[in-house]
Structures are given as C-alpha cells and as structure tokens.
Amino acid sequence: MKKIHWNQISEPMITKSGEIISELIGKASVDGVFFNHSLARIVIPPGKSSSLHYHKKSQETYYILQGEGLLVVDGESYVLHPGTACNIQPGENHRIENQGSVDLEFLAICAPAWVAEDSFEV
C-alpha cells in the first residue's frame, strides 16, 4: 500500500510550456516503487498550456478538479469543467490549455504508467 499527498513532492516537474506536474504514483514516483499505471496532479496557470503531443503506448484519463480547460484532440476542441473526465487514446495528438483566470488543476491517470520516453511533441 502506498499513501502520498501531492505536497510531499518536493520538486515537481515544470515543463517549458508552464505545466506543473506532481507525479504521485508511477514509474517516476518519489520512492522508486513502480506501478502499472501512473497518477499525477497537474496545474496549468492561466494563459499556459501543455505542448501538442501524443503517446505511443499510454492512454491518459484526465479528471478536472478546478478551472476550465480547452482540450484539443486531433484538431477537435472540447471545453472541460470541474467534475469532467475524458480519455485520450495512444496516438491521439492532444494539448490542454487554461483559458480561465484561475489555475487549471486536474488529475492525469496513465496506463501503462507514464514515462518521458513515451511523450512525443508534434
């Protein structure tokens, strides 16, 4: 059993596009324990977004906690509000951006567990 709170991540990953990623469970977790899936808390400040990218192996599920996100998947746009979940399949080009005035905060679950080598910018 593993229990962790997001504020225990002392050095979250901050991407060049402005995402703040705290991986709670997965291949890169803080204690070196490996899992078949990963769970991350992601914060995107107002006006920032993820880069357009895809994964060859992992599928992702986003669950919006706070803010409003605009998710673009293979050129189609979807507005995501708190309480909304969506699934992104391997090979689908996607980007999520914060068009609101508060932080966009969401959970990202990947199966198999996310690894940097499975993220490809478009």
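Tutor: A disulfide is taken here as a pair of cysteine sulfur atoms within 2.5 Å. The model is predicted.

Student: How many disulfides does a search of the whole structure find?

Tutor: The cysteine sulfur nearest to that of Cys86 belongs to Cys110 and is 11 Å away. A disulfide needs the two sulfur atoms within 2.5 Å, so Cys86 is in no disulfide. For Cys110 the nearest cysteine sulfur is that of Cys86, and Cys110 is in no disulfide either. The number found in the whole structure is zero.

Student: Is Cys110 buried or exposed?

Tutor: Buried means under 20% relative accessible area. Cys110 has a relative accessible area of 3%, so Cys110 counts as buried.

Student: Where is His37 found, and is His37 buried, partly exposed or exposed?

Tutor: His37 is in the loop between strand E2 (20–25) and strand E3 (38–44). Beyond four places away in sequence, the residues His37 touches include Ile25, Cys110 and Pro112. The relative accessibility of His37 is 36%, so His37 is partly exposed.

Student: Which strands each supply at least two residues of the lining of the largest pocket?

Tutor: The largest pocket has a volume of about 560 Å³. Of its 30 lining residues, the closest to the centre are Met13, Thr15, Ile21, Trp114 and Ser119. The lining divides into 14 nonpolar, 10 polar and six charged residues. The strands that each supply at least two are E2, E3, E5 (59–66) and E10 (104–111).

Terms used:
Residues are numbered from 1 along each chain as its sequence is written. This is a predicted model: local features need pLDDT of at least 70, side-chain atom pairs count only at pLDDT 80 or more; totals for chains, interfaces and linings use all residues. Side-chain values use heavy atoms; hydrogens and water are left out. Buried means under 20% relative accessible area, exposed over 50%, partly exposed in between (1.4 Å probe, protein chains only). Helices (H or I, at least four residues) and strands (E, at least two) are DSSP runs, numbered from the N terminus. Contact means heavy atoms within 4.5 Å. On a 1 Å grid over the protein atoms alone, a cavity is a set of points where a 1.4 Å probe fits but cannot get out, and a pocket is an open set with protein on both sides within 12 Å along at least five of seven lines; lining residues have an atom within 4 Å of a point. Grid points are joined across faces, edges and corners, and a volume is the space filled by probe spheres set on the points. Ala, Val, Leu, Ile, Met, Phe, Trp, Tyr, Cys and Pro count as nonpolar, Asp, Glu, Lys and Arg as charged, and the others, Gly among them, as polar.
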